[in-house]
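Me: Could you take a close look at one part of this model for me, the salt bridge, and tell me what sits around it? I'd like the whole picture in one go.

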Amino acid sequence: MQNVLFRSVMLSGKRIADVGYKLFSGSMMLLTVYGGYLCVLRAQRYMQRQKQLEAQNESAASETIKD
């Protein structure tokens with residue numbers, strides 16, 4: 001009887017560990033996806049800023065040539 005109780009406790013402990021591992025793995029996947037999303041947003045902002053700076057430089061250069 002005692003052996004059966006010990007096995008059931010071990011199985012429930014293993015199940016708890018499995019659920020904990022799955023939760024941890026899932027949260028790490030979500031953090032990875034979110035980090036990638038933030039990285040893409042930052043890259044887009046960088047590219048937009050570079051285009052804005054190029055446009056400003058071109059307009060400043062054309063104004064300088066006109067003068």
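Reply: A helix here is a DSSP run of H or I that spans at least four residues, and a strand is a run of E with at least two. By that count, this predicted model has one helix and zero strands in its protein chain.

Search the whole structure and you get one salt bridge. The partners are aspartate 18 and lysine 14, and their closest N and O atoms are 3.3 Å apart. That counts as a salt bridge because the cut-off is within 4 Å, from a side-chain nitrogen of Lys or Arg to a carboxyl oxygen of Asp or Glu. In general, oppositely charged side chains can pair when their charged atoms come close.

As for the rest of the chain, buried residues make up 0% of its 67 residues. The chain exposes about 6600 Å², with carbon and sulfur atoms supplying 65% of that.

Along with the charged pair, there's a nonpolar patch on the surface, formed by Phe24, Met28 and Leu31, with about 310 Å² of accessible area together. Phenylalanine 24 is in helix α1 too. Its relative accessible area is 51%, so phenylalanine 24 is exposed, the cut-off for that being over 50%.

How values were computed: Residues are numbered from 1 along each chain as its sequence is written. This is a predicted model: local features need pLDDT of at least 70, side-chain atom pairs count only at pLDDT 80 or more; totals for chains, interfaces and linings use all residues. Side-chain values use heavy atoms; hydrogens and water are left out. Buried means under 20% relative accessible area, exposed over 50%, partly exposed in between (1.4 Å probe, protein chains only). Accessible areas come from the Shrake-Rupley method with a 1.4 Å probe; for residues, only the protein chains shown count as cover. Patches are made of residues with over 30% relative accessible area and no salt bridge: like charges are joined within 9 Å, nonpolar side chains (Val, Leu, Ile, Met, Phe, Trp, Tyr) within 5 Å.
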